[in-house]
Amino acid sequence: MTVPTEVRGGVTGIAMVGCSATASPTAQAKGRRREVVVSGRRVKTVDVHAHCAVPEAMTLMGQTLESSALLMSSTQERLAAMDAQGIDVEALSINPYWYKADREVARELIRIQNERLAEFCAANPERFVAFASVALQHPDLAAAQLEEGVKKYGLRGAGLGGSVNGLELADPKFHPFWAKAEQLGVLVFIHPQATGAPTELEHRLKGNGGLGNVIGNPLETTIALSHLIFEGTLDRFPGLKICAAHGGGYLPSYAGRSDAGCVTFPERCTRPLRKKPTEYLRQLYFDSLVFTPEALRHLVAETGPGQIVMGTDYPFPWTKTSVDHILSTPGLSDAERAAMLGDTAARLLGVTA
Ligand SMILES: [Zn+2]
């Protein structure tokens with residue numbers, strides 16, 4: 001592949017590691033920590049998309065662990081993976097499986113999880129922060145859990161699924177939660193999940209290729225974000241800081257259609273918005289898990305370089321090259337690469353540089 005001139009220039013200005021001792025693949029293979037330096041500055045890299053699980057809480061819902069790598073007790077394994085990839089800080093989240101829990105079970109389950117998350121982060125403060133889990137099916141409780149998570153447990157925001165028991169995140173039922181998230185000024189990480197409902201779409205996504213994940217997950221995020229835009233949730237709570245997993249699904253890759261829809265069929269757009277649908281992409285945040293330099297280049301073009309934060313999906317092995325993906329994407333300045341690698345996430349999550 002021919003490398004454009006400006007890319008060569010950009011990459012030349014980037015040292016991949018902080019010192020020669022960690023520069024060689026041999027050193028990395030021996031378990032040395034990779035340190036990322038951009039334009040001579042050591043960048044604290046932050047992974048906003050890293051999963052974990054608390055089995056003690058899962059038993060309250062009869063759930064079993066998908067992978068032992070999700071355990072927070074697998075700390076050495078997790079740290080080794082972070083060190084090899086050049087990731088300094090992980091922002092941990094737990095995929096919601098508790099949206100059908102009644103109020104009392106949800107209260108206890110979330111208390112256990114947020115306590116464990118807080119304990120783990122406190123034991124490893126240089127390497128981990130976490131998003132609070134919240135019982136969004138009980139919005140007032142979720143708002144209280146978020147506030148407690150932030151103020152009492154030092155958690156840095158909340159992790160949500162892409163829908164809640166068939167309701168969109170834009171449903172007015174959830175306004176109390178969004179109001180609290182806006183008031184606290186913390187980041188809300190939206191990650192898709194299997195709904196478990198035997199919908200026609202899920203039926204069509206069966207078969208070879210794991211399409212329920214490959215297509216269904218990004219589609220859920222696309223739908224969730226689109227409703228937050230078109231139902232006016234982002235107008236009602238303009239201070240919200242929302243980060244969408246997997247590059248926001250398909251929304252940024254076909255964003256122009258969101259604008260064209262209301263022009264082509266104005267009778268279908270009965271709720272006036274404060275700005276064009278695509279302009280909301282420039283206030284949302286997106287993780288960088290889009291696999292190719294071309295996809296990341298396009299995501300940046302649609303959303304702005306300051307809206308992208310690094311995401312790996314650890315421990316699910318989608319990628320081991322998130323740092324290199326950002327370093328090798330053409331057309332970015334060193335400041336923009338540093339922002340994506342960690343500066344923006346550090347600011348959003350209260351991670352000190
Ligand atoms: Zn994930």
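This is a predicted model: local features need pLDDT of at least 70, side-chain atom pairs count only at pLDDT 80 or more; totals for chains, interfaces and linings use all residues.
## Helices α6 and α7

Two packed helices are described by the angle between their axes and the distance between the axes. For helix α6, residues 139–151, and helix α7, residues 175–184, the axes come within 7 Å and cross at roughly 20 degrees. Angles under 35 degrees count as roughly parallel, and α6 and α7 are therefore roughly parallel to each other. The crossing in which α6 passes α7 is right-handed.

On the α6 side, the residues that meet α7 are P139, D140, A142, A143, L146, E147 and V150. Their partners in α7 are P176, F177, K180, A181 and L184. Sorted by class, this contact has nine nonpolar residues, three charged residues and no polar ones.

## Helices α5 and α6

Helix α6 also packs with helix α5, which spans residues 103–123. The axes of α5 and α6 come within 11 Å, and they cross at roughly 15 degrees. That angle makes α5 roughly parallel to α6. Here too the crossing is described as right-handed, with α5 passing α6.

The α5 residues in this contact are R103, A106, R107, I110 and N114. They meet L141, Q145 and G149 of α6. By class, the contact of α5 with α6 has three nonpolar, three polar and two charged residues.

## The loops on either side of α6

H138 is in the loop between β7, residues 132–133, and α6. A residue with 20 or more other C-beta atoms within 10 Å of its own is buried; H138 has 22 and is therefore buried. Leaving aside residues within four places in sequence, H138 is in contact with R103 and A106. Both R103 and A106 are among the α5 residues that meet α6. H138 and Y99 are 39 residues apart in sequence, and their C-alpha atoms are 8.7 Å apart in space.

Y153 is found in the loop between α6 and β8. Y153 counts as buried because it has 20 C-beta neighbours inside 10 Å. Not counting residues up to four places away in sequence, Y153 touches N114, E115, A118 and E148. N114 is one of the α5 residues that meet α6. Along the chain Y153 and N114 are 39 residues apart, while their C-alpha atoms are separated by 7.2 Å.

## The buried side of α7

The buried residues of α7 are F177, W178, K180 and A181. Around the helix axis they cover an arc of only 160 degrees, which puts them on the same side of α7. Among these residues, F177, K180 and A181 also take part in the contact with α6.

What covers the buried residues of α7 includes α6, β8 (157–160), β11 (187–190) and α11 (233–236). After α7 comes G185, whose phi is positive, near 70 degrees.

## The buried face of α4

Helix α4 runs over residues 75–85, and its residues R78, A81, M82 and Q85 are buried. Seen down the axis of α4, these buried residues fall within an arc of 100 degrees, so they line one face of the helix. An α-helix has 3.6 residues a turn, so residues three or four places apart point the same way.

The buried residues of α4 pack against β5 (89–93) and α14 (322–328). G86 follows α4 and has a positive phi, near 80 degrees.

## Backbone features in loops

S39 lies in the loop between β2 (37–38) and β3 (41–42). With 14 other C-beta atoms within 10 Å, S39 is partly exposed. F291 is in the loop between β13 (285–287) and α13 (293–303). F291 has 15 C-beta neighbours inside 10 Å and counts as partly exposed.

A cis peptide bond joins Y314 and P315, with omega about 5 degrees. P315 is placed in the loop between β14 (308–309) and α14. Helix α14 is also one of the elements against which the buried residues of α4 pack.

How values were computed:
Residues are numbered from 1 along each chain as its sequence is written. Axes are lines fitted to C-alpha atoms, for helices over the stretch in contact, and angles run from 0 to 180 degrees between N-to-C directions. Helices (H or I, at least four residues) and strands (E, at least two) are DSSP runs, numbered from the N terminus. Angles under 35 degrees count as roughly parallel, over 145 as roughly antiparallel, 65 to 115 as roughly perpendicular and the rest as oblique. A crossing is left-handed if the near helix is turned anticlockwise from the far one by less than a right angle, and right-handed if clockwise. Two residues are in contact if their C-beta atoms, placed from the backbone, lie within 7 Å. Ala, Val, Leu, Ile, Met, Phe, Trp, Tyr, Cys and Pro count as nonpolar, Asp, Glu, Lys and Arg as charged, and the others, Gly among them, as polar. A residue is buried if 20 or more other C-beta atoms lie within 10 Å of its own, exposed if 12 or fewer, and partly exposed in between; C-beta atoms are placed from the backbone. The arc is that of the directions from the helix axis to the C-beta atoms.
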